[in-house]
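Let's take a walk through this model, starting with a piece of its fold and ending at its surface. Keep the structure open beside you as you read.

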Amino acid sequence: MRAALWYKAKDMRVEEIPTPVAPAGKALVKIDRTGICGTDLEEYLLGPVIIPAGMSPIILGHEFVATIVSDSTGTFAPGTMVIPDGVIGCGTCYQCQRHEEGRCPELNVIGLQSNGGLAEFMITNPKRCVPVPAGVSADVAVFAEPTAVAVRAVNKIPNVSGTTVAVLGSGTVGILCAQVTRAFGAQKVIVYEPNPVRQEVARKLGFEVLNPLVEKEMSLHKDFDSVLECSGVAGSTKTSLKILRSGGTAVLVGFRPGDESFELLEFILSEKHLVGTAAHMWDVDVSAAVGLLANKIIETGPLLTDVISLADVATKGFDRLISDKNAFKIAVNPAL
């Protein structure tokens with residue numbers, strides 16, 4: 001099969017490698033689409049960051065939708081489209097026993113700690129796959145993983161219904177967080193984004209949009225019940241806490257290496273909450289995400305910038321995302 005192998009920073013090669021053979025209890029799936037994530041982009045540019053030392057070469061890609069080729073467990077019939085689980089824990093530690101595999105000290109994220117979806121085929125555990133309902137295209141289903149990220153993030157907000165929420169950053173995950181927040185009953189969702197193209201996408205989806213780089217616009221609204229920080233830019237934690245009401249919750253979704261600082265005394269006296277979010281569970285967050293997509297509650301059309309071939313993954317995928325700040329999601333179709 002063909003696969004895009006990451007060797008080191010800015011060194012990705014599409015090569016022919018053996019098609020994997022599914023052992024007992026596993027399934028062989030054909031990859032329909034794999035989205036390129038910001039985490040993948042970071043590894044491509046600077047890696048290894050999360051990729052363990054000595055893992056090179058490795059197949060990146062953790063935002064995948066696939067079709068069952070063979071399933072030794074009989075869970076799914078061949079031809080069934082599924083979202084494979086990408087967050088695997090050891091199964092025995094404190095976190096895994098509480099179904100929080102994403103916090104497992106031996107965490108295996110498919111596409112970062114083991115071979116992922118930028119290939120024609122992949123092995124997965126069919127017992128931890130979410131079926132894609134009939135009528136949902138691969139171009140929509142490929143958003144299941146980032147939508148699951150948004151679902152988990154919004155679920156970190158206590159009692160979101162009827163509240164006012166700010167979303168900082170309107171990249172793919174930011175726009176999905178805004179849509180999920182609205183779907184979960186928020187009274188008002190305001191998106192902060194400096195990029196005019198991304199601003200326009202957010203507006204067309206029905207959101208009020210303000211520019212965080214314009215002081216007047218940044219100060220128009222304060223005392224948000226919660227803030228979803230999706231930009232990951234330096235100083236974003238301080239900004240999030242500044243526009244948050246006393247007792248409110250700031251959820252940090254975007255990330256980058258490095259330290260963040262904020263006024264500790266004000267944070268403590270106002271009893272604000274600061275929460276991180278990262279992993280998602282296949283049977284909770286991914287299932288909810290698939291439901292939102294299948295019922296067309298979440299709109300993904302404006303977020304799909306391009307669908308490219310595996311052969312073009314470096315030039316039209318990773319390199320474009322580096323240079324084109326107006327791009328949202330680029331998905332890879334290995335069949336092209």
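Start with β17, helix α11 (residues 313-323) and β18, which form a right-handed β-α-β unit. Right-handed here means that, with the strands pointing away from you, the path from the first strand over the helix to the second runs clockwise. Helices (H or I, at least four residues) and strands (E, at least two) are DSSP runs, numbered from the N terminus. What you're looking at is a predicted model, where local features need pLDDT of at least 70, side-chain atom pairs count only at pLDDT 80 or more, and totals for chains, interfaces and linings use all residues. Residues are numbered from 1 along each chain as its sequence is written, and side-chain values use heavy atoms, with hydrogens and water left out.

Now look at who sits beside β18. Strand β17 (residues 304-309) pairs with β18 in the parallel sense over five bridges; pairing takes at least two DSSP bridges between two strands. Strand β3 (residues 27-35) runs antiparallel to β18, joined to it by two bridges. Val 332 shows up in both pairings: Ile 308 stands opposite Val 332, and Thr 34 has Val 332 as its bridge partner.

β18 itself (residues 329-333) is mostly covered, with five of its five residues buried, that is, under 20% relative accessible area with a 1.4 Å probe and protein chains only. In a regular strand, side chains alternate between the two faces of the sheet. Here Lys 329, Ala 331 and Asn 333 point one way, while Ile 330 and Val 332 point the other.

For a contrast, go to helix α9 (residues 264-269), where you'll find Leu 269. Leu 269 counts as exposed because its relative accessibility is 66%, and the cut-off for exposed is over 50%.
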